[in-house]
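Colleague: I should like to learn how to read individual features of a model of this kind. May we work through some helices and some backbone details together?

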Amino acid sequence: MNSERLFELALDLTPPWCIERIEFSQSASGQRQLHLYLTFPKGAKFKDEASVECAVYDTQPRTWQHLSFFQYPCFLHARVPRITTSAGKVKQVPVAWAREGSGFTLLFEAFAMCLIENEMPINKAATILGVYPNRLWTIFNYWIEHAFERDDQTHVTNIGIDETSSKKGHDYVTLAADLDARRVLFATPGKDEATIDRLQNHLRSKGVPPEQIAHVSIDMSPAFIAGVTHNFANTQIVFDRFHIVKLLNEAMDEVRKAERREHQELKGHKYTFLKKADNLSVKQQAALAELITLYPTLGKAYRLKELFHDFWDFSDKEQGLAFLSYWCAEVEASGIAAFKKFVKTLKSHWSGIINYIEAKIANGVLEGINSKIQLAKRRARGYRNIENFINMIYFIAGKLKFNYPRFST
């Protein structure tokens, strides 16, 4: 078997394409390169869109970077034919080894995506592949956008909305996730009311009318509340359980800090009061029992904090409503300022909190997704390009389906 035939088999070339010649050359940097020149026999015909065999009108030279053979960077060269179609139009023939407009073969792009799938930062993957990072981002963005365009979102009914950041402390992106499928549906720059407008337009483009959305889980952001109310008028808002618990813990910590300023014995016991009782070690439980006896205000606050967690277990809306009313009355009777402030927040968002009892949804899915996103952000040392960041979110958490050649890993 000669070398041309060997490379034809390796590239999976089909007639009329064949290898004309193989050459080695040296780049300006002194690196040896392998060049494969592809051709087709004179008089060969190519099928048009109607599967009619058509004669070649002319050819145009093209070059693609391929996967390296051994240690040598490899490039394919071909004069790609244009044909006169059965409809009388002149069109370029697509080639099997590369997508239109790309300077890389499909196998090169697939291997690049395989490296990224295995959590390799794009800058590092670009170094391994011997290309500029921007060229690799172009490949990455193409396949993400191609898969995202074909993504089926027609079954979504419960959505969670939250924000994340592309760089430390700024450049926010709003995420919308399918809470049942546990994946990101949409991401858009900003965290204002307009982000919800764009979400509604996106869902419509995917065949999801606003009335199909039964529940939306959000934090207590006024912008998100206004956006959801305007765009999803028939949807029940459910305020995120984890956000509410965070506010409750902040109230508990305010009480602890006030007592700590007067009592040095409370130093180092922040998490003794913030953790749920079941999660405390034996030593912490003993310390807690002593401290809530010594400091009655802390004891009242801690009892209220722990009591509130019973709300999440209710399955009957009327019983849950009665419990929450009772709990708020207990807070008012305690006179603890930080908890009374928390009660004001509850009462101003009452229906969205009560809705949790029936919906039983929360943004825990988004918390997990955000952890993955932030890990990728740290590996990449931030994202200066917001489009790159959003596409990386879809790649990490969108559960998209790609149709490039696959590599087993």
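Modeller: Let us begin with helix length. The expected span of a helix is 1.5 Å times one less than its number of residues. Please bear in mind that this model is predicted.

Colleague: What span should helix α10 have, and how far apart are its end C-alpha atoms?

Modeller: Helix α10 covers residues 296–308, and its 13 residues should span 18 Å at 1.5 Å a residue. The end C-alpha atoms of α10 are 18 Å apart, which agrees with that expectation.

Colleague: Which residues of α10 are buried, and against which helices do they pack?

Modeller: A residue counts as buried when its relative accessible area is under 20%. In α10 the buried residues are Leu 298, Gly 299, Ala 301, Tyr 302, Leu 304, Lys 305, Glu 306, Leu 307 and Phe 308. They pack against α7 (241–260), α8 (270–274), α9 (282–294), α11 (317–334) and α12 (337–348).

Colleague: Is Cys 114 buried or exposed?

Modeller: Cys 114, found in helix α2 (residues 106–117), has a relative accessible area of 9% and is therefore buried. Between Cys 114 and Glu 387 there are 20 Å in space, C-alpha to C-alpha, and the two are 273 residues apart in sequence.

Colleague: How are the buried residues of α15 arranged around its axis?

Modeller: The length of α15 comes first: this helix (residues 364–380) has 17 residues and reaches 25 Å from its first C-alpha to its last, close to the 24 Å expected. Its buried residues are Val 365, Leu 366, Ile 369, Asn 370, Ile 373, Gln 374, Ala 376 and Lys 377. Seen down the axis of α15, these fall within an arc of 160°, so they line one face of the helix. On the other side, Lys 372 and Arg 378 are exposed.

Colleague: Which residues have a positive phi?

Modeller: Among them is Arg 381, which follows α15 and has a phi near 60°. Asp 12 is not a glycine, yet its phi is positive, about 60°. Asp 12 lies in the loop between α1 and β1 and counts as exposed because its relative accessibility is 62%. Lys 360, likewise not a glycine, has a positive phi of about 50°. Its place is the loop between α14 (356–359) and α15, and at 37% relative accessibility Lys 360 counts as partly exposed.

Colleague: Where is a cis peptide bond found?

Modeller: A cis peptide bond joins Pro 15 and Pro 16, with omega about 10°. Pro 16 sits in the loop between α1 (3–11) and β1 (18–26).

How values were computed
Residues numbered from 1 in each chain as written. Predicted model: local features only at pLDDT ≥ 70, side-chain atom pairs only at ≥ 80, totals over all residues. Heavy atoms only, no water. Helix = DSSP H or I, 4+ residues; strand = E, 2+ residues; numbered from the N terminus. Buried < 20%, exposed > 50% of the residue type's maximum accessible area, 1.4 Å probe, protein only. Contact = heavy atoms within 4.5 Å. Arc of directions from axis to C-beta.
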